[in-house]
Amino acid sequence: MTLDIDAIFKAYPDAVSVYGDTGAFKADGTQITLVQSDIDAARVTLDAEAAAIAYQGQRKAEYPSIEDQLDDIYHNGIDGWKATIKTTKDKYPKP
């Protein structure tokens with residue numbers, strides 16, 4: 001049995017440990033009854049949260065280095081720099 005550990009922790013905030021063969025447990029050792037629909041809903045939430053911030057990493061990877069941005073400003077002015085940055089912002093819009 002494969003458990004979605006992150007979704008279990010999201011769905012059951014009182015869970016402190018999750019074991020693939022025995023389930024999830026509270027701090028006092030009592031086992032938590034896992035409900036698949038709760039875990040599925042938590043997975044949907046986690047995926048939505050990840051998608052909501054994915055653009056940040058995508059933009060960061062594609063932006064020119066600070067040195068190149070400063071050089072762009074020097075040679076092309078603020079408006080030229082804004083155009084360069086806007087290309088990346090348009091490619092990876094905020095959700």
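## Strands and a kinked helix in a predicted model

Strand E1 (residues 15-19) and strand E2 (residues 23-26) run antiparallel and are joined by four bridges; strands pair if DSSP finds at least two bridges between them. Strands (E, at least two residues) and helices (H or I, at least four) are DSSP runs, numbered from the N terminus. This is a predicted model, in which local features need pLDDT of at least 70, side-chain atom pairs count only at pLDDT 80 or more, and totals for chains, interfaces and linings use all residues. Residues are numbered from 1 along each chain as its sequence is written, and side-chain values use heavy atoms, with hydrogens and water left out.

Helix H3 (residues 66-91) has 26 residues and spans only 19 Å between its end C-alpha atoms, whereas a straight helix would span 38 Å (1.5 Å times one less than the number of residues). A kink of about 125° is centred on Asn76, the bend being the angle between axes fitted to the seven residues ending there and the seven starting there.

Gln69, Asp72, Ile85 and Thr88 are the buried residues of H3, and they pack against helix H2 (36-62). Gln69 counts as buried because its relative accessible area is 14% (buried means under 20%, exposed over 50%, partly exposed in between, with a 1.4 Å probe and protein chains only). Leaving aside residues up to four places away in sequence, Gln69 touches Tyr63, Pro64, Trp81 and Ile85; contact means heavy atoms within 4.5 Å.
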